[in-house]
Amino acid sequence: MTTTETDPPVTTASIEPGKTAQPVGSARAERLSALIQQHGALAVLVLVSLAASFSFDSFATGDNLGNMATSSAFLAIVALGMTFVIITGGIDLSVGSLFALGGVLAAWGSRHGTLVALLLPLAVCGLIGVVNGLLVARSRLAPFIVTLAAMLGARGLLLALTDEGADTYLIGKGSVLADLGQGKTLGLGNPVWITLALFVAGAVVLRRTRFGQHVYAVGGNEDAAALMGAPVARTKILVYTLSGLLAGLAGALNAAWLASGVTILGNGMELEAISAVVIGGTLLTGGLGHVSGSLVGVLLLKVIQNVINQIGSLDSSYQQVVSGAFLAVVVIAQTWLGRRRRLM
């Protein structure tokens, strides 16, 4: 009678503890790193808001929260477009100037009706976005240089339209455009509702459409995306066009809110938008990010600014100091977490 050898059944006891603990621990650490990267800003926002609510009686009031939401809406719209650009591995320094230009064009166009006031900034700012995209995608120029030139050009066009800032175009009270910017629905300003609708649409486009997949693929590895058949050039052109359109729209809504096209607005707004996007978890190197994180980043910056205003003894320059510190911490954390995930 013959016998055959069989492998012993694999049991938990027969596996060395060191070999099982490492994969499980690595998986948990990787999930934790991803969780911190995606939702760390939200946790900080909640903590800062709770601390401010207990420290300042006027922070959690309806008027203060409503004003913060409305003032955040315009930066959030700009940051939405910036999110798409940064995920592709690019950058757009022209959005601040396009924001100001969009406001002036909307105020100037309001003399010819609400439709002109809304379409004119979208057309001009969108066209500048197209040019940015073409130069980056087709001519393969550095996005930093291209959008820096666009920033200077848009600011120059703005000054030409306003006679070096001497002319300020006003939006008539009671007009449809003014109601769009200053009116409220269910207790919230109309710009807030428009911003929320845009972010929902942006999340759907980024996560549920082929274009969104191409955006991530181009940012992750442009050469690999091209080999897989992704339209790299077209994707870049579209994201820069989207960024220009949203910057122009934000400027038009801001002009409607202020009832005028203010030429000095938008200075440094591109840096605020980039900060909000990066603080929200989008990698500056591209390939990873989400629009909800950018919205959280905007809210965090605005809450910090409001807290500084609540203190009273500090001027607005401290807001830039704190925002810069947050940005530095986030970038360092992203780099560290990215290295850990690659080693796992």
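Which residues lie nearest the centre of the largest pocket? In this predicted model, Asn267, Met269, Glu272, Lys302 and Gln305 hold that position. They belong to a lining of 25 residues, and the volume of the pocket is about 680 Å³.

Several helices contribute to the lining of the largest pocket. At least two residues each are supplied by helix H2 (62–87), helix H10 (232–258), helix H11 (269–279), helix H12 (291–311) and helix H13 (317–343). The most is given by H13, with five residues. By residue class, the lining of this pocket comprises 11 nonpolar, 12 polar and two charged residues.

The search for cavities of 30 Å³ or more, carried out over the whole structure, returned one. The largest cavity has a volume of about 50 Å³. Its lining consists of Phe99, Ala100, Gly103, Val104, Gly251, Asn254, Ala255, Ser260, Gly261, Val262 and Leu265. Helix H3 (95–109) and H10 each provide at least two of the lining residues, and the largest share, four residues, comes from H3. Six residues of the cavity lining are nonpolar and five are polar, with no charged residue among them.

Charged side chains were examined next. Side chains of opposite charge can pair when their charged atoms come close. The count of salt bridges in the model is two. In one of them, the side chains of Arg140 and Glu222 meet at 3.8 Å, N to O. Arg140 counts as exposed because its relative accessibility, 67%, is over the 50% cut-off. Glu222, with a relative accessibility of 27%, falls between the 20% and 50% limits and therefore counts as partly exposed.

Another salt bridge is formed by the side chains of Lys236 and Glu222, at 2.9 Å, N to O. This pair links distant parts of the chain, with Lys236 in helix H10 and Glu222 in helix H9, 14 residues apart. Lys236 has a relative accessibility of 13%, which is under 20%, and so counts as buried. Through salt bridges that share partners, Arg140, Glu222 and Lys236 are joined into one network.

Terms used
Residues are numbered from 1 along each chain as its sequence is written. This is a predicted model: local features need pLDDT of at least 70, side-chain atom pairs count only at pLDDT 80 or more; totals for chains, interfaces and linings use all residues. Side-chain values use heavy atoms; hydrogens and water are left out. On a 1 Å grid over the protein atoms alone, a cavity is a set of points where a 1.4 Å probe fits but cannot get out, and a pocket is an open set with protein on both sides within 12 Å along at least five of seven lines; lining residues have an atom within 4 Å of a point. Grid points are joined across faces, edges and corners, and a volume is the space filled by probe spheres set on the points. Ala, Val, Leu, Ile, Met, Phe, Trp, Tyr, Cys and Pro count as nonpolar, Asp, Glu, Lys and Arg as charged, and the others, Gly among them, as polar. A salt bridge is a side-chain nitrogen of Lys or Arg within 4 Å of a carboxyl oxygen of Asp or Glu. Buried means under 20% relative accessible area, exposed over 50%, partly exposed in between (1.4 Å probe, protein chains only).
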